[in-house]
Amino acid sequence: MKADKKWVFTLFFTAFISIIIFITSIYNFSSSYTLTNSHKPISTVHRGTGYPPAFAYYISGSRGDGDRIFRLLLAVYHPRNRYLLHIGTEGSDDERMSLSLLVKSVPAIRAFGNVDVIGKPDATTYMGASNIAAVLRAAAVLLKVDGDWDWFVTLSALDYPLVTQDDMSHAFSSISRDANFIDHTSDLGWKEGQRITPIVVDPGIYLARRAQIFRATEKRSPWVILSRSFLEYCIFAWDNLPRTLLMYVNNVILAEEVYFHTVICNSPDFKNTTVNADLRYMVWDDPPKMEPLFLNKSNYDEMVESGAAFARQFAKNDPVLDMVDSKILKRSGNRVAPGAWCTARRSWFVDPCSQWDDVNVVRPGNQVKKFEESLKSVVDDSRVDLNQCS
């Protein structure tokens, strides 16, 4: 009798192991197929007039932020865009190497080659001008490796999108590609007196013609979405204004809340391209502190109804991020947020973006209506008020 029980147990155990091996082989086959399929001829990316806008993302973080940066990259990834990832000097080379390996693990990213990780990092402190120098360097790198994008977007590891990249491209298709989203007149209460000593800008330093003396803007948000033409002006500086202001802001506590805002408001060519919004959803304490409050599930409904493109700030792997992934981005695990370009059949073991078709086609989702309305509202307001910088 004992022998019979032992035989039954052996048979059951063998069958169980066989099932496990079979399931594993299916998964491995799927993974192998994905890797093989990623080397097929990729869809050609077309940019410029007649095609959806493209974005250059600069995503930065500090020590221990590698996983967060990777998750954020997956949430905002699209083959038409360009990405530069940065872990500051506080992080180790091992962290940067680990991030690079994570990036290379994504078939679409390997195929399109549109993501880079900075190997020689800058400091990520938000005090002084070092962060502005890092942002300008990132913009210069993105212009060098691929200068056909339309807007430059700054994100940190604590941010997350509230719309898909198809939503972004679709909504931004309806506005001028010279528009600069820079919140330079928001009322930050007590912080405006604490964060900046007023700067006087003498146009005689950088302009050949006589003009009035300007002051640096004193109320601002550091998060920006800037046009390629304005970034080219800041980097190549065909007059002395950007370089001159860079010297001034070396002595400003939070230079990132001053530099771009002051350059654009004192540039005759760009001061009327400003849209007074940063397209971010944030919740501030009262009175506001240096950083906004951390968001959680209780903020989800208001966050989604805000019509913002991004939200900040989030604790690492907060459950509300899973809600955004599931309900808005339709993303799971270590997979990119799917868009119209993804053609593989969705399942628990097949990444829908392991196969793709025309990457120049976008298909907006349910969230795009609120985002379009919000975008149209702030752009229309900027057209009415042409003296926003005064």
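1. Rings of Phe, Tyr and Trp (its six-membered ring) pair if their centres lie within 6.5 Å; planes under 30 degrees apart count as stacked, over 60 as edge-to-face and the rest as tilted.

2. The structure is a predicted model, in which local features need pLDDT of at least 70 and side-chain atom pairs count only at pLDDT 80 or more, while totals for chains, interfaces and linings use all residues. Residues are numbered from 1 along each chain as its sequence is written, and side-chain values use heavy atoms, with hydrogens and water left out.

3. How many aromatic pairs does a search of the whole structure find? The search finds 18. Y77 and Y83 form a stacked pair, with 5.5 Å from centre to centre and 25 degrees between the planes. Y77 counts as buried at 1% relative accessibility, and Y83 counts as buried at 0%. Ring pairs link a cluster whose members include F55, Y57, Y77, Y83, W151 and F181.

4. Seven strands form an open sheet with mixed pairing, in the order 3-2-1-4-9-6-10. Helices (H or I, at least four residues) and strands (E, at least two) are DSSP runs, numbered from the N terminus; two strands pair if DSSP finds at least two bridges between them. Strand 3 (115-117) and strand 10 (274-275) stand at the edges with a single partner strand each, so one side of each is left without a neighbour in the sheet. Strand 10 pairs with strand 6 (residues 180-182) in the parallel sense over two bridges, and N180 stands opposite T274 in strand 10.

5. Helix 6 (residues 165-172) packs on the sheet, touching strand 1 (55-61), strand 4 (151-156), strand 6 and strand 9 (224-227). Contact here means heavy atoms within 4.5 Å. The direction of helix 6 makes about 130 degrees with that of strand 1; axes are lines fitted to C-alpha atoms, for helices over the stretch in contact, and angles run from 0 to 180 degrees between N-to-C directions.

6. In helix 12, the buried residues are V320, L321, M323, V324, D325, I328 and L329. Their cover includes helix 2 (66-76), strand 5 (159-161) and helix 11 (300-305). At the start of helix 12, a side-chain oxygen of D318 reaches to within 3.0 Å of the backbone nitrogen of V320. Just after this helix, K330 takes a positive phi of about 55 degrees.

7. Is R331 buried or exposed? R331 is buried, with a relative accessible area of 6%. This residue lies in the loop between helix 12 (319-329) and helix 13 (368-384). Not counting residues up to four places away in sequence, the residues touched by R331 include R71, Y160, D325 and P338.

8. A search of the whole structure finds one disulfide, defined as a pair of cysteine sulfur atoms within 2.5 Å. C342 and C353 form this bond, with their sulfur atoms 2.0 Å apart. The torsion about the S-S bond is about 80 degrees, so the disulfide is right-handed. C342 is buried at a relative accessible area of 14%, and C353 is buried at 1%.

Technical notes
Buried < 20%, exposed > 50% of the residue type's maximum accessible area, 1.4 Å probe, protein only. Polar contact = N/O pair within 3.5 Å; in protein donor to acceptor, adjacent residues only side chain to side chain.
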